[in-house]
Amino acid sequence: MIAETMEKITTRSTPTSAYLIRKVGVLGAGNMGSRIAAHIANAGVPVVLLDIVPPNAPADNKAARNSVVNTALDGLKKSKPAAFFDPSNVRLTQTGNFEDNLELLRDCDWIIEVVAENLEIKRALLARVNQFRRADAIITTNTSGLPVSQIAEGMDAGFKKHWFGTHFFNPPRYMRLLELIPTPETDPAAIAAVKQFVDRRLGKAVVTAKDTPNFIANRIGTFAMMNALRIMQAMDLSIEEVDALTGATLGWPKSGTFRLSDMVGIDVLAHVAKNFFDRIKDERPDVAPPPFIAQMLERKWLGDKAGQGFYKKVKGTGGEEERLGLDWKTLEYRPSLRVKFPSLELTKNTDSVAERLRLVLSNDPTKDGAAAFYWQVLPELWNYAAHRVPEISDDIVGIDEAMKNGFNWELGPFEMWDAVGVAVTAEKMKASGITLAPAVQKLLQSGKTSWYQDDASVPSGRRYFDIASGSYQPVVSADGVTSAEILKKAHGVVKKNAGASLIDLGDGVACIEFHTKMNAIGGDIVSLITQTLKPGSDALAQFDAFVISNDSDNFSVGANVMQLLLGIQEQDWDEIDMAVKAFQKMTQIIKFCPKPVVAAPFGMCLGGGCEISMHASARQPHAELYMGLVETGVGLVPGGGGCKEVALHAIDAAAALREGGRNESVELIEALRRGFENIAMAKVSTSAAEARTMGYLSPSDMITMNRERVLLDAKARARELADAGYSAPLPRTDIPAPGANILATLKMGVRLMREGEYISDHDVKVANHVANVLCGGKVTPGTPVSEQYFLDLERQSFLSLCGEKKTAERIAHTLKTGKPLRN
């Protein structure tokens, strides 16, 4: 199903190409190669995965000769984070070895080399592979440090025409960046084919890099890290202090420098840093890897995979887990330090990275340690990045996009610089003795004061300062890539309130955009959706179709439970009842809207967010979708129609099987059991593919691999439904309730779970409420009931559980810790 889905989406507006990529070969089944192969399989594309034959493997023992690659593949099936969207995708992967199975590459349209970073090993393997490669097959390297052109030295002209670099970032499923590194001999059509494939089928953000040391992201990122280590030593800071300073305040991963290094692997960091320094030591001799890194490598302190690195977890005296931190001066572990910089504390309630940067840099560096650190780290980062154009990238956009998608920075270095003001910081940099890069001097001498300018007249919504021409040029984005913010500027906002907006997307389609914190659903969102989609609204007269989506990291984390907790604490039961009724009214208006409504969920789509999506005419999700009805985690049941939709899905699925001659009763019990477990255990999908198996997506819902394409794919889907003469469903009044017998079966399972001490007494109450709603109560099986009947049961259960003390405790605990409490 996922393969079919990908094909539907990617052929919607896929340009023709001289090269078609229908099958891929991956050479090397190490951590990177095997995960690249897994992600290609996620796209529904067959892949051949080859690796070495183990020493002394018998010539007649195929299993032994393929043990390296098969062991790697078996490990991926249970790896965390998961490499496969669905473990069944492994069926698309054919395994073999370099000695016996190179002929499998004859059918491959694209071959990716991912073997050890050793020039001779790569050349020797590629020479053998070239004997089996089709003349028109593309062949690339995933090298992270070796010159791409140098690897292909001595190969024939046909090979070089199809040869270039494709640098994935680990783990390939989750890291969006792919750096394309062409050589002078590379056929531009081959580059275009891979660029199109990885964008649409693998969901990659593609940046073209020069064939220079570490390419773009690792070149800038390694400098930032090594320079931070240099400044740490100069300022005598601890690793905990540097992690606090190089995390969320800057819009960088909250793990910070050293925690991230432990996760990635200190050996990997050291390899990249050495490669970086060996090639640029004349450029910045002061950013050499510090001696303590080499000492850690000698002691095998490689990070998480070795059990210790910059941090180490141990058991405390009471058996609790305790984290130790490394003193880099003595290489001894001591209890991890609790770090607080007053200026950082003041930025915690500021969502905007730009505003956080301005706040912290406004402090006096002679009095504030954080400001002192940043006034060294950031100007040097910005100036270093400016020096690298056009050495590593033709423009500043390539550097910014590489850092955002390869290192998960919220803003690239030039965007960060714009946020705090180029002119004012440049003056301070000169005053501190920094010689501004020629690119910066050119910008300022031309009378310009920012690297970017907003411009609604270009598709991307902005222009960048092109250093070569000395003028602003449009930021070029691929066809089909956009955001709500860009379209908002181009077409305008129809209406808005504090929680949501209605945006004109053009072509008769509008988008309902959430913009609360974490897109938690409160009264403002409920009101705007209801007023927009209710019969007779102005919006229905103005637009042919609607999309529900937004530009945030997550579609919605669910209802605003803080508001609910306040209502519970004040025992304002009538207010809670009215809020639940309003939420249910909203989801029913979505479902029965006379115009098609397409939900485009992505990231976390939980609780009420899941219910909104379930009631839409169709869904156009991003492949990375973490979707589920999680209300039981706070001691409640889904109250916005989620239980109703799960029950209807089970009832309809069983009825369809009856028509096929199967036992409807058995199938209904099994379908309800699965739905019950999903809700009662607050299960969340690990991908859109899994959300489909859980029943939260329908078989006809298509999946978008590239997050930046979700909005326009959803718009196209909404337009298709409208053009096809969309007819809204009618409220059902003749639903055969599963009834008392199945209810008793589900309750028996709950009782056995309690007897086994797997769940608490409060869990029993919650689970029994869920079972009661799904079965339509203690009625005779087959009793005809309506959708409203199920909604009333939901609301009654929701209100009943709100009155439980344990529910308030669970909500409060979740708000404080972000984790559910099982009490």
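Buried here means under 20% relative accessible area, exposed means over 50%, and partly exposed lies in between (1.4 Å probe, protein chains only). Methionine 518, at 43% relative accessibility, therefore counts as partly exposed. This is a predicted model, in which local features need pLDDT of at least 70 and side-chain atom pairs count only at pLDDT 80 or more, while totals for chains, interfaces and linings use all residues. Residues are numbered from 1 along each chain as its sequence is written, and side-chain values use heavy atoms, with hydrogens and water left out. Helices (H or I, at least four residues) and strands (E, at least two) are DSSP runs, numbered from the N terminus.

**Backbone features**

- Most residues other than glycine have a negative phi, and most peptide bonds are trans.
- Methionine 518 is not a glycine, yet it has a positive phi of about 60°; it sits in the loop between β17 (509-514) and α22 (523-533).
- Alanine 682, also not a glycine, has a positive phi of about 50°. Its place is in the loop between α28 (664-680) and α29 (688-693), and with a relative accessible area of 18% it is buried.
- Asparagine 170 and proline 171 are joined by a cis peptide bond with omega of about 0°. Proline 171 belongs to the loop between β6 (163-168) and β7 (177-181).
- Another cis peptide bond joins valine 389 and proline 390, with omega of about 5°. You will find proline 390 in the loop between α16 (369-387) and α17 (396-406).

**Salt bridges**

- Side chains of opposite charge can pair when their charged atoms come close.
- A salt bridge is a side-chain nitrogen of Lys or Arg within 4 Å of a carboxyl oxygen of Asp or Glu, and by this rule the count comes to 57.
- Glutamate 99 and arginine 128 meet through their side chains at 3.8 Å, N to O. This pair links distant parts of the chain, 29 residues apart: glutamate 99 is in the loop between β3 (93-97) and β4 (110-113), and arginine 128 is in helix α5 (residues 119-129). Arginine 128 is partly exposed, with a relative accessible area of 30%.
- In the salt bridge of arginine 259 with aspartate 304, the closest N and O atoms are 3.1 Å apart. Arginine 259 lies in helix α11 and aspartate 304 in the loop between α13 (291-298) and β9 (311-315), 45 residues apart. Arginine 259 counts as buried at 16% relative accessibility, whereas aspartate 304 is partly exposed at 42%.
- Aspartate 652 and arginine 732 form a salt bridge whose closest N and O atoms are 2.9 Å apart. Aspartate 652 is in helix α27 (residues 642-659) and arginine 732 in the loop between α30 (710-723) and β23 (735-736), so the pair ties together parts that are 80 residues apart in sequence.
- Arg22, Asp109, Arg134 and Asp136 are linked in a network of salt bridges.

**Nonpolar cores and contacts**

- In soluble globular proteins, nonpolar side chains tend to be buried together.
- A nonpolar core is a set of buried Ala, Val, Leu, Ile, Met, Phe, Trp, Tyr and Cys residues joined through side-chain atoms within 4.5 Å.
- The largest nonpolar core has 126 residues, and Val24, Val26 and Trp110 have the most contacts inside it. Helix α32 (residues 761-775) gives the largest share of this core, 8 residues.
- A second, separate core of 114 residues includes Leu50, Ile181, Ile231 and Ala437.
- Contact means heavy atoms within 4.5 Å. Not counting residues up to four places away in sequence, tryptophan 110 touches residues including Ile21, Val24, Ile138, Phe168 and Val198.
- Lysine 644 is in helix α27 and counts as buried at 0% relative accessibility. Leaving aside neighbours within four places in sequence, its contacts include Glu787 and Glu794.

**The cavity**

- A cavity is a set of points, on a 1 Å grid over the protein atoms alone, where a 1.4 Å probe fits but cannot get out; lining residues have an atom within 4 Å of a point.
- The structure holds 1 cavity of 30 Å³ or more. Its lining has 13 residues, of which Met225, Trp252, Thr257, Phe407 and Trp409 lie nearest the centre.
- The largest share of the lining, 4 residues, comes from α9.

Methods:
1 Å grid on protein atoms, 1.4 Å probe; cavity = no way out; pocket = protein on both sides within 12 Å on 5 of 7 lines; lining within 4 Å. Points joined across faces, edges and corners; volume = space filled by probe spheres on them.
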